[in-house]
Amino acid sequence: GVRAGAILENAQINFSSGTANIRSNSVETLERLTGVALACSNDNLTVEIGGHTDSQGSDESNQSLSERRAQAVAQFMIDRGVNAETLKPVGYGEAQPIGDNDTREGRQANRRISFEWQAR
């Protein structure tokens, strides 16, 4: 699971604003993460997939959007053979920003997926 850390540090999964559509530039990263998840599947690890949004729109819609984004990433990985039981999609809405929601770059940074590997 150590290799996963290296990929994950720089893993940016991006979405089109207001949607749970994974941007094409994020597919390659997701494919690599899926490979890691498959390789680690015997290590008794679960992956928490956290969905995050920017602060545009209401808290409720952002919460729901973040859940759909996390679910979309989980589904992407499940479709490629990752055991659904090892994935925990969670929506955090706009509660954990890493960028400034007052700037375009900041909002883009906040529309993201976080991966946390946890021992089962």
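## Salt bridges, helices and a buried arginine

Glu31 is partly exposed, with a relative accessible area of 37% (buried means under 20%, exposed over 50%, partly exposed in between, using a 1.4 Å probe and protein chains only). This is a predicted model, where local features need pLDDT of at least 70, side-chain atom pairs count only at pLDDT 80 or more, and totals for chains, interfaces and linings use all residues. Residues are numbered from 1 along each chain as its sequence is written, and side-chain values use heavy atoms, with hydrogens and water left out.

**Salt bridges**

- There are three salt bridges, each being a side-chain nitrogen of Lys or Arg within 4 Å of a carboxyl oxygen of Asp or Glu.
- Glu31 pairs up with Arg80, with the closest N and O atoms 3.3 Å apart. That ties together distant parts of the chain: Glu31 sits in helix 2 and Arg80 in the loop between helix 3 and strand 2, 49 residues apart. (Helices, H or I with at least four residues, and strands, E with at least two, are DSSP runs numbered from the N terminus.)
- Glu28 goes with Arg32 at 3.7 Å between the closest N and O atoms; being four residues apart in helix 2, they're separated by about one helical turn.
- Asp54 and Arg111 come to 3.0 Å at their closest N and O atoms. Asp54 is buried at 6% relative accessible area, and Arg111 counts as buried at 10%.

**Helix 2**

- Its buried residues are Ser26, Thr29, Leu30, Leu33, Thr34, Val36 and Ala37. They cover an arc of only 160 degrees around the axis, so they're on the same side of helix 2 (the arc is taken from the directions from the helix axis to the C-beta atoms).
- Ser24 and Glu28 are exposed on the other side of helix 2.

**Helix 3 and the core**

- The largest nonpolar core has 16 residues, and Ile13, Ile49, Val73, Met77 and Phe115 have the most contacts inside it. Such a core is a set of buried Ala, Val, Leu, Ile, Met, Phe, Trp, Tyr and Cys residues joined through side-chain atoms within 4.5 Å.
- Helix 3 gives this core its largest share, five residues.
- The buried residues of helix 3 pack against helix 2, strand 1, strand 2 and strand 3.

**Arg69**

- Arg69 is in helix 3. Arg69 is buried but has no salt bridge, and the nearest side chain of opposite charge, Asp54, is 6.4 Å away. (Lys and Arg count as positive, Asp and Glu as negative; His and the chain ends aren't counted.)
- Beyond its neighbours within four places in sequence, Arg69 has contacts (heavy atoms within 4.5 Å) that include Phe15, His52, Arg111 and Ile113.
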